[in-house]
Amino acid sequence: MSEESIKYKELEHLFNLPNVLGFSQKIQERIKGGVVIKDTQVIRVYVKKKVPAAMLAPHELIPKQICTGSGCFETDVVEIGELTAMQCQTRTRPVKPGCSLGHYRITAGTTGWLVEAHGNTHILSNLHVLSDDVLNPRADDPILQPGPYDGGRHPGDLVAKLMHFVPLKRDEPNEIDAALAVLTDERFGMPLPVKSAPRDLRKGETGNYCGRTSGCVTVDVTDDSATVDVCYNPPSCSVVLRFVDQIMYTVRNQGGPRGGDSGSLIFNAEGGAGGLLFAGSPTAGVACKISNVLKHLPHQYFVIDLCR
């Protein structure tokens, strides 16, 4: 069956109806009893819950047929339940990217990725996620999954120890807020493959990341050479550190990243590492360039999936 496209504006009015959560913008095959009916052509409408027609007013009913620029088609109403952002704030073994993680004395951030360094598996995240003191971090400090805010406790949820880092500086600009923590048990995970070699995100590009709080989202890069001052102890902001050569972005339908997303690895269009999220506001986010992360943590490397 050919999948003809439908313009968004031709179906946008469906959102005015009760329970409607969305629709497909391509002509689909009918689903009946969970089974796809071959050689049928319908406009698929997604609803939170199917309601008997007798319980709805005539103007609340989804039309049985809709005519578009591609022709007239019957509708197929598919119940999918309430859509919510996927969050990962629970205990996961093995350790998974995008899930809650943190130094045993902080709240919680995000596991960025599992990489290889010095022959061992390490967690890549922010220094402020893997340490409670970014100016004077301590090697071998315990890292918990989930982070303490999400119920992680020491020593039961210990998964890694802080190993490689660059302390942040007050008196000169910084390029990265990044660190590596070595897993304490090989059963907790192994280096994960990525689809392509690392490449910095550039202005005008889109990327994506999965964070502890936001779930998996798409970002639009607005600047790839920003200098910004970042507050490290809100709300007083008595510690403000400057960063240069940073990536600025917005999160689609959200603005900026949410608290707890720090440490998320942002992927570029090729599926390679593009930046490491570390700061944000309600309207914008900031990420370290992956080239700078690799420059300052030179023994780290990503495993490229050559079998994709």
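Q: Why is Asp220 called partly exposed?
A: In this predicted model, the relative accessible area of Asp220 is 23%. Buried means under 20%, exposed means over 50%, and partly exposed lies in between, with a 1.4 Å probe and protein chains only. The value for Asp220 falls in between, so Asp220 counts as partly exposed.

Q: What makes Asp220 and Arg252 a salt bridge?
A: The closest N and O atoms of Asp220 and Arg252 are 2.9 Å apart. A salt bridge requires a side-chain nitrogen of Lys or Arg within 4 Å of a carboxyl oxygen of Asp or Glu, and the pair therefore qualifies. Asp220 lies in strand β16 (residues 215-231) and Arg252 in the loop between β17 (240-251) and β18, 32 residues apart. Strands are DSSP runs of E with at least two residues, helices are runs of H or I with at least four, and both are numbered from the N terminus.

Q: Which term applies to Arg199, buried or exposed?
A: Arg199 has 17% relative accessibility, and therefore counts as buried. Its salt-bridge partner is Glu270, with the closest N and O atoms 2.8 Å apart. Glu270 is partly exposed, at 36%.

Q: Why is the pair of Arg199 and Glu270 said to tie together parts of the chain?
A: Arg199 lies in the loop between β14 (193-194) and β15 (206-211), whereas Glu270 lies in the loop between β18 (265-267) and β19 (273-280), so the pair joins parts that are 71 residues apart in sequence.

Q: What makes a group of residues a nonpolar core?
A: A nonpolar core is a set of buried Ala, Val, Leu, Ile, Met, Phe, Trp, Tyr and Cys residues joined through side-chain atoms within 4.5 Å. The largest one has 47 residues, of which Tyr232, Leu265, Val293 and Phe302 touch the most other members. Apart from it lies another core, of 13 residues, including Leu17 and Ile43.

Methods
Residues numbered from 1 in each chain as written. Predicted model: local features only at pLDDT ≥ 70, side-chain atom pairs only at ≥ 80, totals over all residues. Heavy atoms only, no water.
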